[in-house]
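Please look over the sequence and the model before reading the notes.

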Amino acid sequence: MPAPNGIHFHPPISLWVDANEHLTNPLTEQLVRHDLDDTDALLTYAKGRTEAELNKVRLPGAVVLDWDGPEETIGDVLHHLVRTKETWLASIGGRDTPPAAPRPSIAELVERHEVAAAAWLAVVRDLEARGGWNDRLIDALCEPLLPRRLDLRLLETARNAAFVAARYEVTRRSA
């Protein structure tokens, strides 16, 4: 069974190091960790802020993603930083979109980020280990990008854990 670090301990006397195991690309790992560490630092900083500071409108009307809503306050931005990772994880994992609830407390966001950060890093490491960067994600959580009908022909399928991935060819587009 593969080990993420290539080291296998078999008590009482064996330690195996598998030189053929594929580790995550150092640049990818650094970029993902940088994002996770920055979010963690911002949440840590926010713990020392008052609710009034977190809820003060600083960028009236600011909206980065329509489906995510306004990001006018520090609290909004922090909530969306965590929720975006949770949403991507749900989409990749075939689960429903996390509910759009009112902004939680910073303590709750810290807890949610710890869970999402570990899961996000695991997804990235899995993609790297199995060479899955060219996988296609058909995101059923979002509104359709194309307001027209596409006729597709199934080209191939492949199993990926508990899910089946499929590759299609567009055979006809209608306006």
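T39 counts as buried because its relative accessibility is 2%, where buried means under 20% relative accessible area, exposed over 50% and partly exposed in between (1.4 Å probe, protein chains only). This is a predicted model in which local features need pLDDT of at least 70 and side-chain atom pairs count only at pLDDT 80 or more, while totals for chains, interfaces and linings use all residues. Residues are numbered from 1 along each chain as its sequence is written, and side-chain values use heavy atoms, with hydrogens and water left out.

**Around T39**
- T39 lies in helix α1; helices (H or I, at least four residues) are DSSP runs numbered from the N terminus.
- Not counting residues up to four places away in sequence, T39 touches L81, K85 and H113, contact being heavy atoms within 4.5 Å.

**Nonpolar cores**
- The largest nonpolar core has 10 residues: V32, L36, L89, A116, A117, W120, L121, V123, V124 and L127.
- Such a core is a set of buried Ala, Val, Leu, Ile, Met, Phe, Trp, Tyr and Cys residues joined through side-chain atoms within 4.5 Å.
- α1 (26–47) and α4 (106–129) each supply at least two residues of this core, and the largest share, seven residues, comes from α4.
- Another core, of eight residues, lies apart from it and includes A46, L78, V82 and L109.

**Helix α4**
- The buried residues of α4 include I106, V110, H113 and E128.
- These buried residues of α4 pack against α1, α2 (51–55) and α3 (74–93).
- G131, with a positive phi near 65°, follows α4.
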